Amino acid sequence: MTDAGQKIFIIDDEQAICKNFIEFFDYFKQFEAVGYFCAEDALDDLNEAECPFLCIVDIRLPGMRGDEFINRARMICPQCRFLISTGSLDMQLSPDFQEIGLTEEDIFFKPVDMFKVLNRIEDIIKG
């Protein structure tokens, strides 16, 4: 099991997805999850708040795309880990993402199986 209180940012323009992740993590008392409907708001909070342990990021977002968010967030919080949640079935990891340690196991296709995400997070915590 994981430690309650570790912060996770959920960045997805679909409000239902943010809400579902937040409720899922709250129900299992796993993490303190905070939802954002755009990458710009999440990036603003990274500048002002304690860095989250992990961000679950949709790649296709209005305004700043998820891949740009990940690149900019790493500059602010280099220890932060990332998972990708996407509806794009042709999503492939860019060389930049591979360089920062993202693997195929870090991509989740919508509709996302929350238990698989939780298992991946637990694997990340175990190192």
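## Strands, helices and one buried arginine

In strand β3, Ile-56 is the bridge partner of Ile-10. This pair comes from a predicted model. Four bridges join β1 to β3 (residues 54–58), and the two strands run parallel.

Strand β1 (residues 6–11) also pairs with strand β2 (residues 31–36), in the parallel sense and over six bridges. The chain gets from β1 to β2 through helix α1 (residues 15–27), and this β-α-β crossover is right-handed.

| Pairing | Residue ranges | Bridges | Sense |
|---|---|---|---|
| β1 with β2 | 6–11 and 31–36 | six | parallel |
| β1 with β3 | β3: 54–58 | four | parallel |

Strands of a sheet pair through backbone hydrogen bonds, either parallel or antiparallel. Here the five strands form an open sheet in the order β2-β1-β3-β4-β5, with parallel pairing. Which strands stand at the edges? They are β2 and β5 (107–109); each has a single partner strand, so one side of each is left without a neighbour in the sheet. On average, neighbouring strands of this sheet are turned by 20° against each other, with direction ignored.

Helices pack on this sheet. Helix α1 touches β1, β2 and β3, and its direction makes about 170° with that of β2. Helix α2 lies across β1 and β2 and runs at about 155° to β1.

Helix α2 (residues 39–48) also meets helix α3 (residues 66–76). Their axes come within 10 Å and cross at roughly 5°. Angles under 35 degrees count as roughly parallel, and α2 and α3 are therefore roughly parallel to each other. On the α2 side the contact involves Ala-39, Ala-42, Leu-43, Leu-46 and Asn-47, and on the α3 side Phe-69, Arg-72, Ala-73 and Ile-76. The residues of this contact divide into seven nonpolar, one polar and one charged.

Arg-120 lies in helix α5 (residues 114–126). Is Arg-120 buried or exposed? Its relative accessibility is 13%. Buried means under 20%, so Arg-120 counts as buried. Leaving out residues up to four places away in sequence, Arg-120 touches Arg-81, Leu-83, Thr-103, Glu-105, Asp-106 and Phe-108.

Key
Residues numbered from 1 in each chain as written. Predicted model: local features only at pLDDT ≥ 70, side-chain atom pairs only at ≥ 80, totals over all residues. Heavy atoms only, no water. Pairing = 2+ DSSP bridges. Right-handed = clockwise from strand over helix to strand, strands pointing away. Axes fitted to C-alpha atoms, helices over the stretch in contact; angles between N-to-C directions. Parallel < 35°, antiparallel > 145°, perpendicular 65-115°, else oblique. Contact = heavy atoms within 4.5 Å. Nonpolar A, V, L, I, M, F, W, Y, C, P; charged D, E, K, R; others polar. Buried < 20%, exposed > 50% of the residue type's maximum accessible area, 1.4 Å probe, protein only.
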